[in-house]
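Hi everyone, thanks for coming along. I'd like to walk you through one structure today, so please have a look at it with me.

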Amino acid sequence: MGPKPAAKAGAAVDVEGEDPATFLANYQKFCKLIGLPSNTSVAKNLNDEEKWPVKQIIIDDEHGPLGPGGTRALMTALLGSGPGMKGGPYKLLECVRLWRANAGDEGVMAIAAVLQLGGSDVKLNYLELLDNNIGPRGCLALGNSLAKGGNVSLLTLNLDYNGTISTIGVNNLCRGIRTNYSLRVLSMQYCQIDSMAGEAISQVLMNTKTALETLILNGNRIGGLGLSSICNGLHNNVSNACVTYPN
C-alpha cells in the first residue's frame with residue numbers, strides 16, 4: 001500500500017470550522033465544564049482518519065448512553081459556542097445518528113438549537129434519533145426549529161422507536177413542519193401515535209409548498225379516523241407524497 005495523502009486528517013487544521021480535532025477538544029472541554037465524562041464514541045467518530053473529512057457522527061450505547069447532558073455538550077461543541085471554545089462552528093457535519101443514546105427532551109432541544117441557529121455554518125441534512133426517549137417537549141423544539149424562517153437544510157428526520165412521542169408529540173412537531181418547505185422524509189415508526197394525530201399530519205400534507213415526499217408511520221395505531229384525515233391531506237397534496245402505514 002502506498003503512502004497516505006499528506007496530512008489527511010490534519011488537512012483541515014488551518015481551516016477554521018473544518019478541524020474535527022478542534023470539534024472534539026471543544027466537546028471534551030464542555031463535558032469537563034458541566035462535570036460529565038466524555039463519551040468514548042464521540043472521540044471514536046472524530047478521530048477516525050480513514051473517514052476524514054468527518055461528515056457523519058454515529059453514536060450508540062456501546063460506550064454508555066450519551067444522555068441529555070452529553071448531547072447538549074456535543075451540540076454546543078458543534079456550534080463552537082461554549083465558554084473558551086475555539087474554531088467556531090464545525091462546518092463539515094451533514095449527518096447525525098443517535099441510537100439508544102437517551103438524549104431525551106433536553107438533549108433534543110440542544111439539537112433543535114443547532115438546526116435553528118446553525119444557519120449557513122452547520123448544514124445538517126440527515127438527523128436520525130432512534131429510541132431516544134423523546135417526548136412532546138422535544139418534538140415542540142424540533143417543530144419550532146423546522147418552521148418557516150428556520151432551518152432549510154434538513155432533508156430527512158427519523159424519529160423511529162420513540163414511544164414517548166405519542167400523539168401530543170406529533171401534534172407539536174407538525175405545528176412547525178407544516179410550514180417547512182425543505183424536509184423530504186419523515187419517519188415516525190413505533191411512536192405510540194393514535195388516530196388523533198391524523199388531522200395534524202393532514203395539515204402538513206396539505207401545505208401547497210411542502211417538499212415532503214415520504215412519510216413512514218409503521219407500527220402505530222392510527223385507525224380508520226386517523227387514516228381518513230391523512231387521506232384527505234393526500235388528496236390535497238401537491239408533492240406526490242407517499243405515506244407508508246401497512247398495519
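Let's begin with what covers the buried residues of helix 5: the cover includes helix 4 (104-117), strand 3 (126-130), strand 4 and helix 6, where contact means heavy atoms within 4.5 Å. Helix 5 itself spans residues 136-146, and its buried residues are G138, C139, A141, L142, G143, S145 and L146. By buried I mean under 20% relative accessible area, with exposed being over 50% and partly exposed in between (1.4 Å probe, protein chains only). Helices (H or I, at least four residues) and strands (E, at least two) are DSSP runs, numbered from the N terminus.

A quick word on the source: this is a predicted model, so local features need pLDDT of at least 70, side-chain atom pairs count only at pLDDT 80 or more, and totals for chains, interfaces and linings use all residues. Residues are numbered from 1 along each chain as its sequence is written, and side-chain values use heavy atoms, with hydrogens and water left out.

Now to the aromatics. The structure has 2 aromatic pairs. Rings of Phe, Tyr and Trp (its six-membered ring) pair if their centres lie within 6.5 Å; planes under 30 degrees apart count as stacked, over 60 as edge-to-face and the rest as tilted. F23 and Y90 make a stacked pair, 5.1 Å centre to centre with 25° between the planes. This pair links distant parts of the chain, 67 residues apart: F23 sits in helix 1 (residues 20-33), and Y90 in the loop between helix 3 (67-79) and strand 2 (95-99). F23 counts as buried because its relative accessibility is 2%, and Y90 is buried too, at 2%.

And the other pair? Y161 and Y190 have ring centres 5.1 Å apart and planes at 5°, so they are stacked. Y161 is partly exposed at 46%, and Y190 is partly exposed at 39%.

One last stop: where is V15 placed? V15 lies in the segment before helix 1, and at 36% relative accessibility V15 counts as partly exposed. Its C-alpha atom is 8.8 Å from that of G87, 72 residues apart along the chain.
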